[in-house]
Amino acid sequence: MAHKPSSTPKSGTDVAKTLLDAFVARGHTHFTGVPCSLLKGFFRLLEQPGSPAVYLPAPREDSALGVASGLAVAGAHPVVLMQNSGLGYSLNVLTSFNLIYDVHLPLVVSWRGHDGNDAVEHDVIGRELTRLLDVFGLPWTVLDNDRPEDSVEAFLKQYDSGRSTAVLIVREGI
């Protein structure tokens, strides 16, 4: 069945709310991570009184992975939020703990530097992000801001209820 494009593009706030609602509807009620400007709308929703999810701020990305890993082992269903430079920083934790002990997590990663129009420190990882994920065997989905529900569904299929660490890449601000 062909998808009919939406007539009105969704705002970043609409996309963030759709993502949060989709995660919560699928049992993900704990979020941890390090703020990023591309994810600011998502963090704003998590920080609001009455948010449907628990947000645990982290000082560093490896700490967020540690918190989420502990939650996952205890039976919760956490989501980790970070920018791609933080993912690079966290590869040791992922490879020396999460991937070898099968403590798989859904990661939402902002794609800073993907288009070469970002701060210079984001250029290398921005250019190589998807290849880096492929090298480590981490399946990934790029968020389509016009069809966020479809992107979350594809991403969560890759995550496969915790049988694989998967990455949802956010290219545009939400």
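Predicted model: local features only at pLDDT ≥ 70, side-chain atom pairs only at ≥ 80, totals over all residues.
Local features are taken where pLDDT is at least 70, and side-chain atom pairs count only at pLDDT 80 or more, whereas totals for chains, interfaces and linings use all residues. Residue numbers run from 1 along each chain as its sequence is written, and side-chain values use heavy atoms, with hydrogens and water left out.

The sheet comes first here. Helices (H or I, at least four residues) and strands (E, at least two) are DSSP runs, numbered from the N terminus. Six strands make up an open sheet in the order E2-E1-E3-E4-E6-E5, with parallel pairing; two strands count as paired if DSSP finds at least two bridges between them. E2 and strand E5 (140–142) sit at the edges with a single partner strand each, so one side of each is left without a neighbour in the sheet. On average, neighbouring strands of this sheet are turned by 20° against each other, direction ignored. Helix H5 packs on the sheet and touches E5 and E6 (contact being heavy atoms within 4.5 Å), and its direction makes about 175° with that of E6. The axes behind such angles are lines fitted to C-alpha atoms, for helices over the stretch in contact, and the angles run from 0 to 180 degrees between N-to-C directions.

Strand E1 (residues 30–33) is covered on both faces: His-30 and Thr-32 on one side, and Phe-31 and Gly-33 on the other, are all buried. Buried here means under 20% relative accessible area, exposed means over 50%, and partly exposed lies in between (1.4 Å probe, protein chains only). E1 pairs in the parallel sense with strand E2 (residues 54–57) over four bridges, and His-30 has Val-54 as its bridge partner in E2. Getting from E1 to E2, the chain goes through helix H2 (residues 40–47) in a right-handed β-α-β crossover; right-handed means that, with the strands pointing away from the viewer, the path from the first strand over the helix to the second runs clockwise. E1 also pairs with E3, again in the parallel sense and over four bridges. In E3, Phe-31 has Val-79 as its bridge partner, while Thr-32 stands opposite Val-80.

The loop between helix H6 (148–159) and E6 holds Asp-160 and Ser-161. Most residues other than glycine have a negative phi. Asp-160, however, has a positive phi of about 55°, and phi of Ser-161 is near 55°. Asp-160 is partly exposed, at 32% relative accessibility, whereas Ser-161 is exposed, with a relative accessible area of 62%.

Ala-166 lies in strand E6 (residues 166–170) and counts as buried because its relative accessibility is 0%. Leaving aside residues up to four places away in sequence, Ala-166 touches Leu-105, Pro-106, Leu-107, Pro-139, Phe-155, Gln-158 and Tyr-159.
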